[in-house]
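Here's a friendly walk through some charged pairs and a metal site. Have a look at the model first, then read on.

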Amino acid sequence: MKTLIKNGRVVTAVDDYHGDILIEGERITLIGEKLDIAADKIIDAKDMLVIPGGIDAHTHMDMPFGGTTSSDDFETGTKAAAHGGTTTIIDFAIQNKGQSLYEALDTWHAKAQGKAAIDYGFHMITTDMPRTRLHEMKKLIHDEGVTSFKLFMAYPGVLLVDDATIFRAMATAGEEGGLICMHAENGVVINEIVEHALEKGYRAPKYHALTRPTKAEAEGVNRAIALAEMAGSAVYIVHLSCHDALKKLKEARDEGIPAFAETCPQYLFLDHSYYEREDFEGAKYVMTPPLREKWNQEELWTGLKMNDLQTVSTDHCPFCFADQKQLGKDDFSKIPNGGPGVENRMSLIYNGGVVQNRINVNRFVEITSTAAAKIFGLFPRKGTIAVGSDADIVIFNPNKKMKISAETHHMRVDFNCYEGFEVQGVPETVLSRGKVVIENGKYVGKKGDGSYLKRSTVQHQAKESTFARLAR
Ligand code: URP
Ligand code: ZN
Ligand code: ZN
């Protein structure tokens with residue numbers, strides 16, 4: 001099958017030109033001016049941006065959490081992602097305490113296999129990592145293509161791991177070309193504050209935010225970076241939400257420490273005041289870290305512009321308002337943490353970033369696709385438009401406007417955090433490995449089009465580890 005995309009403005013993280021793209025099978029085979037080649041399908045991309053498919057490096061499909069399960073599974077969630085111009089997700093498999101990493105990975109393969117509309121990889125949420133299990137981590141990195149691991153400093157008794165475990169995992173990741181993703185929040189202190197709040201009878205959704213101060217996140221970021229430096233590894237901070245945390249990250253990066261971070265649309269567009277919404281509506285925005293005071297948003301945009309923040313992922317973890325969020329009706333600490341977003345990321349960031357003149361169009365591509373591909377071992381197969389790369393391509397209309405609404409979105413959740421937001425910049429046609437999956441806004445793919453991605457190891461040049469220094 002040959003597909004020719006003609007007359008588009010091709011934009012990558014580093015290019016911006018008018019040209020035609022030939023796709024043969026799943027890959028891009030030729031790029032040039034005015035290609036005169038017979039093809040089975042010709043897509044006219046006049047007046048359109050032709051950009052690499054989005055990569056969302058942080059989603060939770062079909063995830064048991066907070067006494068329920070996230071409402072999108074791999075079928076519904078990846079279809080919604082495709083509608084939004086995302087052609088790769090990296091989701092999180094979870095190791096239960098005491099469980100082998102292989103078994104955990106098998107469970108997530110079974111959830112996704114034959115269901116996904118777009119390609120997907122897995123990070124592994126690691127809940128315990130004694131020395132006797134480190135060989136499993138190595139096997140995941142080298143044989144299974146799971147080259148990143150998420151560790152939690154939050155949720156004591158559920159997901160939290162101690163500093164020794166974090167250090168151990170980081171040291172192994174550093175040696176083996178893996179990467180530790182850190183949920184950086186001081187969960188032990190947060191728990192003290194939550195217990196105090198509940199004793200005082202503070203029960204409403206807004207107390208979710210008030211019990212998770214920005215300093216708790218900043219402390220987590222600072223500690224994660226210090227542990228990574230001692231362990232001789234890079235670190236990737238997930239869902240960074242505020243200025244206090246960004247400041248710690250920036251200080252480390254200024255010293256040449258390989259510390260990376262993502263932020264999410266919710267921290268760029270929503271703020272603390274959403275928790276004040278009446279009739280328990282504030283529960284829709286209960287996510288972790290919580291929404292912050294509005295002034296943090298511009299600081300995060302500056303972080304994105306200056307490359308202190310490298311990526312925008314969604315932390316898509318939807319729970320329906322009608323039943324799931326209600327689990328915390330009388331107690332904010334029982335509201336399932338997380339919100340939807342996988343479908344809206346590209347348009348939100350294009351509108352807030354490029355249209356509103358905070359970043360240029362190359363940086364838009366970089367933070368929504370290319371940087372994640374590089375950080376997580378998918379580049380240059382994903383994250384760019386080049387000969388030999390997978391033909392994951394979005395024909396993006398930079399002028400079209402749309403109103404975001406739960407009435408029209410495709411995510412399996414009964415509300416949208418950005419309800420009523422007007423955005424300019426809409427994906428019209430989306431190709432996943434050469435196959436058109438969205439055509440003029442309509443889904444034309446099928447369940448199971450997406451494949452599992454084995455990711456490569458990554459080398460992020462950390463300084464010498466403490467272990468290596470001992471051996472000198
Ligand atoms: O509220 C959130 N973020 N839910 C998903 C779990 C996590 O910490 O990423
Ligand atoms: Zn997290
Ligand atoms: Zn998450």
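Let's start with Arg-472, which is exposed, its relative accessible area being 70%. Here exposed means over 50% relative accessible area, buried means under 20%, and partly exposed is in between (1.4 Å probe, protein chains only). Arg-472 pairs up with Glu-464 in a salt bridge, with 2.6 Å between the closest N and O atoms. Glu-464 itself is partly exposed at 31%.

Before going further, some housekeeping. This is a predicted model, where local features need pLDDT of at least 70 and side-chain atom pairs count only at pLDDT 80 or more, while totals for chains, interfaces and linings use all residues. Residues are numbered from 1 along each chain as its sequence is written, chains are lettered from A and ligands numbered from 1 in the order in which they are written, and side-chain values use heavy atoms, with hydrogens and water left out.

How many salt bridges does a search of the whole structure find? The count is 33, taking a salt bridge as a side-chain nitrogen of Lys or Arg within 4 Å of a carboxyl oxygen of Asp or Glu. Here are three of them:

| Salt bridge | Closest N to O distance |
|---|---|
| Asp-119 and Lys-382 | 2.7 Å |
| Glu-464 and Arg-472 | 2.6 Å |

Asp-119 and Lys-382 form a salt bridge that links distant parts of the chain: Asp-119 is in strand β10 (residues 119–125), and Lys-382 is in the loop between α12 (361–375) and β16 (393–403), 263 residues apart. Helices (H or I, at least four residues) and strands (E, at least two) are DSSP runs, numbered from the N terminus. Asp-119 is buried at 0%, and Lys-382 is buried at 2%. Both also belong to a network of salt bridges with shared partners, whose members include Glu-26, Arg-381 and Arg-433.

Glu-217 is buried at 1%, and Arg-292 is buried at 7%.

Finally, the metal. Which protein donors does the zinc ion (ligand 2) have? They're Lys-150 (NZ), His-183 (ND1) and His-239 (NE2), 2.1 to 2.2 Å from the ion. Donors are N, O and S atoms within 2.8 Å of the metal (3.2 Å for Na, K and Ca); water is not among the atoms, so sites may look incomplete. His-183 is buried at 1%, and His-239 is buried at 2%. The zinc ion (ligand 3) is 4.0 Å from the zinc ion (ligand 2).
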